[in-house]
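Here is a short tour of a ligand site and of the record annotations that go with it. Please keep the structure open as you read.

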Amino acid sequence: MSFLSTLQRHLDTFQQLSAYEPAVIALANHVEDCIRNGGKVLFMGNGGSAADSQHLAAEFVVRYKMERPTMAAIALTTDTSILTAHANDYSFATVFSRQMEALAKPEDIVIGLSTSGNSANIIDAIKVAKSIGCYTYAWTGASGGELANISDTTLRMPSTETARIQEAHMLIGHWLCEEMDNRFAG
Ligand SMILES: O=C(CO)[C@@H](O)[C@H](O)[C@H](O)[C@H](O)COP(=O)(O)O
Ligand SMILES: [Zn+2]
């Protein structure tokens, strides 16, 4: 496939994202309430979505563009000792749910990023998060996968291509950070 056709598919996907404004504003309102009430946001994903989870948690805790107080967030993808011990001793399928049991509180928001919506470790962790009482979001591709059936809210990106879905997730994530700057800065 040529770069121009890749770029065209990216643009086709992104052109549809303006329709997501109500969903992103609703998410931002929810995250604002969660943070103001002492909650935190837990992100998780595999592969590129692990990187995206860390990227967004860093922007919450450190900064995005503006000076504002820190916002509580954590990516469940970063501690290699936890990840390797759990995968080695138990199973990779429960590598996030174990951390969810340890860290999540009912007032928290959980965001699982999965392009297929079918990653077993995210499905298991969303189930555990719900049993704890957290509100759960799935960020997926167009199909939504199994995560769309079990999460409280699913944001389905308008693509079936992994890379384009990931690119759209990051636009949504940066849009959320921008909203948080507007609400918490100054
Ligand atoms: O970044 C990419 C592809 O762009 C890959 O590393 C990709 O994230 C991995 O194949 C993941 O395991 C896919 O998982 P998921 O998005 O289906 O949950
Ligand atoms: Zn990638």
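Ligand 1 is surrounded by Asn-46, Gly-47, Gly-48, Ser-49, Ser-114, Thr-115, Ser-116, Ser-119, Thr-162, Ala-163 and Gln-166, where a residue is near a molecule if its C-beta atom, placed from the backbone, lies within 6 Å of it. Two elements, α3 (48-61) and α8 (162-184), each give two or more residues to this shell, and α8 gives the most, with 3 residues. Helices here are DSSP runs (H or I, at least four residues), numbered from the N terminus.

This is a predicted model, in which local features need pLDDT of at least 70, side-chain atom pairs count only at pLDDT 80 or more, and totals for chains, interfaces and linings use all residues. Residues are numbered from 1 along each chain as its sequence is written, while chains are lettered from A and ligands numbered from 1 in the order in which they are written.

The shell divides into 1 nonpolar, 10 polar and no charged residues. Ala, Val, Leu, Ile, Met, Phe, Trp, Tyr, Cys and Pro count as nonpolar, Asp, Glu, Lys and Arg as charged, and the others, Gly among them, as polar.

In UniProt, an unreviewed entry marks His-55, Glu-59, Gln-166 and His-174 as "binding site"; such annotations may be inferred rather than shown by experiment. Two of these residues compare as follows.
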